[in-house]
Amino acid sequence: MMKFLSISFLFLFLTFNVYSANIDLRLEIFSGNLSMFDNSTIPVLTYSDSSTFSPSSPILIFEDGDVLTLKVVNSDANVHGFKIDGLIDMGSIAAGDSVTQAITLSAGIYKYYDPSSLENQYLGLSGLMHVKGTGDLAPYYYWNLREHEPFLNISVSGGGSIDQTLYSPKYYTINGNSGDAIDNDAQAKIYGNVNSEFRLIIMNHGLSIHSMHFHGYHLQILDNSKNPSHNGREKDTFPVYPGHYQLLSTTPDKPGEYPIHDHNLIAVTGGGQYHTGMITTMLIAP
Ligand SMILES: [Cu+2]
């Protein structure tokens with residue numbers, strides 16, 4: 001009997017104590033092509049968490065206290081870097097080279113990016129890292145916003161620079177998706193329930209402001225990187241500035257299907273077609 005008790009005690013101990021994890025992550029920089037809903041392709045440059053090209057840099061999710069051993073491999077022909085403000089800066093990583101560094105993560109929302117140029121970030125070398133607070137069980141959705149001007153991608157890929165006065169994007173993506181693919185992205189498409197909170201992190205990796213507008217519900221700003229004094233506000237439209245994020249929360253009070261879209265309607269288009277850009281619906285079950 002004593003033995004049984006001690007074994008069950010050990011089981012409880014293991015079950016209810018959360019330890020920080022040691023996590024190995026390998027990100028590899030590749031150039032490749034991003035396909036749009038209309039089958040057009042544009043050259044991009046991204047971090048991939050596998051050994052092959054990824055059309056957009058991955059969403060990285062960890063927990064407070066995790067110890068991350070990160071290896072960044074540069075498989076592009078040019079020098080690149082990897083930085084998270086206030087957390088890590090790997091310096092220059094030569095073509096064909098790699099850098100490995102360990103960091104202890106603290107809860108927060110971070111942008112990881114190549115600090116060597118805005119052009120590299122525009123091409124796709126930036127992504128979202130979310131380090132969840134201990135015991136945070138809320139369901140999260142993630143929207144990484146980005147615009148694409150195909151001729152600019154071609155020019156920048158060949159060493160050209162960005163002139164924002166001439167910037168005229170043709171495609172607008174959420175997590176690298178356009179058209180119906182946005183609705184098939186489990187990290188972006190919101191499926192909620194009445195009286196059950198969900199949270200949404202919107203990060204803008206592009207060069208334009210995106211004001212995301214919600215039908216049906218008001219959401220509360222839990223955190224944002226642009227105007228901390230706005231935290232706590234409840235409203236239905238949230239401007240997300242380039243390089244910045246908003247962390248939003250709501251607990252739906254009614255069922256239904258409601259649109260969410262960029263209030264700047266040019267960003268709801270793609271290739272000149274309406275309804276293929278930054279728009280989706282949230283489905284709230286009773
Ligand atoms: Cu609307």
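Two strands are said to pair if DSSP finds at least two bridges between them. In the predicted model described here, this criterion applies to strand β15, residues 219-224, which is joined to β16 by 2 bridges, the two strands running antiparallel. Within these strands, Gln220 of the model stands opposite Glu234 in β16.

Strands β15 and β16 belong to an open sheet of 6 strands, whose order is β11-β10-β13-β18-β15-β16 and whose pairing is mixed. The edges of this sheet are taken by β11 (171-174) and β16 (234-235), each of which has a single partner strand, so that one side of each is left without a neighbour in the sheet.

Strand β10, which comprises residues 140-148, illustrates both senses of pairing. With strand β13 (residues 198-204), β10 pairs in the parallel sense over 6 bridges, and in this pairing Asn144 has Met203 in β13 as its bridge partner. With β11, by contrast, β10 is joined by 4 bridges and the two strands run antiparallel; here the bridge partner of His148 is Tyr171 in β11. Of the 9 residues of β10, 8 are buried, and the strand is therefore largely enclosed by the rest of the structure.

Taken as a whole, the chain contains 3 helices and 22 strands. Its radius of gyration is 20 Å, which is close to the 19 Å given by the globule rule for 286 residues, so the chain is as compact as a globular protein of that length. Along the principal axes, the C-alpha atoms fill a box of roughly 75 × 50 × 35 Å. Buried residues account for 35% of the 286 residues in the chain.

A residue is classed as buried if 20 or more other C-beta atoms lie within 10 Å of its own, and as exposed if 12 or fewer do so; because Asn78 has 15 C-beta neighbours inside 10 Å, Asn78 counts as partly exposed. Although Asn78 and Ala95 are 17 residues apart in sequence, the two are 5.4 Å apart in space, taken from C-alpha to C-alpha.

Technical notes: Residues numbered from 1 in each chain as written. Predicted model: local features only at pLDDT ≥ 70, side-chain atom pairs only at ≥ 80, totals over all residues. Rg over C-alpha atoms; globule rule 2.2 N^0.38 Å.
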